[in-house]
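Reader: Could you walk me through this fold, a few questions at a time? I'd like the cut-offs spelled out as we go.

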Amino acid sequence: MTHQTILVLDFGSQYTQLIARRLRELAVYSEVVPWHEPAGQILARAPAGIILSGGPRSVRDAGAPRCGRAVLEAGVPVLGICYGMQVMTDLLGGQVEAAPHREYGPATVRVAEPRGAVFDGLPASMEVWASHGDLVASAPPGFRVAATSANAPVAAMEDAGRRLYGLLFHPEVAHSPHGAEMLRRFAYVICGCRGDWNIGAYVDEAVAGIRAQVGGGRVICGLSGGVDSTVAALLMHRAVGGRLTCVFVDNGVLRLDEAAQVKRRLAEKYALPVVAVDAAERFLAALAGVTDPEQKRKIIGRVFIEVFDEEAVRLGGFDFLGQGTLYPDVIESVSVIGPSAPIKSHHNVGGLPETMRLTLVEPLRQLFKDEVRALGRAIGLDEEFVARQPFPGPGLAVRVIGEVTRERLDLLRRADAVVVDEMKRQGWYGRLWQSFAVLLPVRSVGVMGDERTYEATIAVRAVESRDGMTADWARLPHDLLATLSARLVNEVPGVNRVVYDVSSKPPSTIEWE
Ligand code: XMP
């Protein structure tokens with residue numbers, strides 16, 4: 001590794017990856033590692049600094065996750081955030097107690113004088129985002145209190161001599177307006193980072209990482225045609241060349257012309273070795289009569305594994321499975337240690353290795369969607385491809401609400417094509433995280449050319465988001481909505497009503513199922 005790295009020890013907070021992402025935005029390479037990684041292994045990577053993340057547990061509980069003391073004693077700068085600060089406090093002889101009032105949401109911290117290295121140059125009083133049930137009642141010996149808040153006697157602490165720092169609030173979230181500056185100061189002033197990283201460097205890093213992992217083995221990878229699997233496949237191709245085989249499964253729930261496009265674009269233009277399998281019949285047969293969203297997801301996941309498995313056996317001799325799994329896929333599908341409940345089963349995470357005994361290669365696992373897009377650009381993927389909006393693994397099956405039939409899919413495909421086309425024509429497609437049509441299981445009465453109609457309803461969903469983890473419905477111009485509505489009813493036979501979805505995530509999700 002040629003560039004400086006700050007390692008983030010993950011204690012299970014929803015925000016852990018955001019810490020790493022903020023640092024990468026600051027041109028400092030950062031990676032997340034599980035809290036139980038042995039101290040020796042962590043230190044062997046010679047990190048420029050270490051951050052202990054937040055987490056859902058209480059250090060006062062038996063069996064609460066802790067890092068080795070050696071992490072704090074190696075002379076490497078360490079910043080504990082929220083639970084991470086409590087771990088640091090507990091390990092070094094300070095006092096962690098239950099807070100009389102759980103502090104959740106905005107809080108104001110007052111910085112103590114003299115300003116420590118983290119707060120230097122920042123206002124004396126600042127808004128921050130807090131989320132903790134425990135607090136630090138007294139800092140460990142050797143530390144001084146660097147900031148306080150109404151509900152926390154020690155909102156920040158530091159031992160500059162040992163280069164140990166703690167923040168009880170979350171500097172990584174946007175609700176802490178000066179938080180990025182605190183992280184910048186930790187990285188540049190305390191850890192001595194020079195800002196020697198950019199996404200282009202990640203290409204070499206990822207390629208080298210894949211080579212080291214795969215050695216002389218063979219890799220099979222599923223290609224969906226989306227940005228994630230395409231970027232992952234291109235990286236793997238660069239790393240292992242002809243020892244990569246990509247499998248594209250047409251599951252019958254893709255968008256209009258998608259299968260043809262994927263085959264043409266990826267196989268021909270980027271010279272990826274692609275094997276295409278038409279399994280539409282098989283998926284649709286398995287989905288017949290099913291209306292429950294989780295059932296649909298599980299069926300598609302299962303059939304995908306079967307088809308993929310058969311293909312792997314037929315082609316033979318693979319050792320690794322390459323996947324374009326992103327960080328948000330991981331956090332919404334599994335829970336590291338905490339109570340964060342799985343929300344939807346994302347079929348592209350987990351499952352495959354058990355049946356196939358292949359080792360996973362996931363070069364994008366640390367990244368967020370917009371970082372993957374930047375990576376795509378860095379390896380020369382066309383802008384048209386890079387700018388594609390996300391499309392869920394279970395495809396149109398989770399947008400046909402109710403039973404998934406060929407007829408209903410065909411209807412939705414046409415509606416979807418209209419929405420995509422109009423969004424592009426009016427310059428909105430690239431500005432939105434996603435914009436798509438959903439077919440509701442609701443028919444309603446209309447009148448067309450003096451005739452009574454009793455037909456289907458299309459819901460239009462358009463959202464803005466940075467990473468898909470939260471989202472807000474897009475304030476589309478009324479004229480655009482009017483055009484969409486008219487086009488959907490005129491161009492898609494079987495539709496006589498259009499509604500616009502005005503729900504945010506949370507409390508809704510982006511996809512309806
Ligand atoms: P939700 O509906 O959970 O979606 O708010 C968040 C983002 O994830 C996409 N999504 C999926 N992506 N496999 C995927 O690769 C899936 O099973 C899946 N389900 C949802 C969704 O389109 C949105 O961008």
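Author: Helices (H or I, at least four residues) and strands (E, at least two) are DSSP runs, numbered from the N terminus. This is a predicted model, where local features need pLDDT of at least 70, side-chain atom pairs count only at pLDDT 80 or more, and totals for chains, interfaces and linings use all residues. Residues are numbered from 1 along each chain as its sequence is written, and side-chain values use heavy atoms, leaving out hydrogens and water.

Reader: Which residues are buried on each face of strand 4?

Author: Strand 4 spans residues 78-81, and both of its faces are covered. One side has Val78 and Gly80, and the other has Leu79 and Ile81.

Reader: In strand 9, what is the bridge partner of Ile81?

Author: Two strands pair if DSSP finds at least two bridges between them. Strand 4 pairs in parallel with strand 3 (residues 49-52) over three bridges, and Leu52 has Gly80 as its bridge partner there. Strand 4 also pairs in parallel with strand 9 (residues 164-167), over four bridges. In that strand, Ile81 is partnered by Leu167.

Reader: What is the strand order of the open sheet of five strands?

Author: Pairing in this open sheet is parallel. Its edge strands, each pairing on one side only, are strand 12 (274-278) and strand 14 (359-361). Written out, the order is 12-11-10-13-14.

Reader: Which residue in strand 14 stands opposite Leu321?

Author: Strand 13 (residues 320-322) runs parallel to strand 14, and three bridges join them. Opposite Leu321 is Leu360.

Reader: At about what angle does helix 6 run to strand 14?

Author: Axes are lines fitted to C-alpha atoms, for helices over the stretch in contact (heavy atoms within 4.5 Å). Angles run from 0 to 180 degrees between N-to-C directions. Helix 6 (residues 199-214) lies across strand 10 (219-222), strand 13 and strand 14. Its direction relative to strand 14 is about 170 degrees.

Reader: Why does Arg185 count as buried?

Author: Arg185 is in helix 5 (residues 179-190). Leaving aside neighbours within four places in sequence, Arg185 is in contact with Ala117, Val118, Asp120 and Ile190. Arg185 counts as buried because its relative accessible area is 11%.

Reader: How far apart in space are Arg185 and Ala117, C-alpha to C-alpha?

Author: Along the sequence, Arg185 and Ala117 are 68 residues apart. In space, C-alpha to C-alpha, the distance is 7.0 Å.

Technical notes
Buried < 20%, exposed > 50% of the residue type's maximum accessible area, 1.4 Å probe, protein only.
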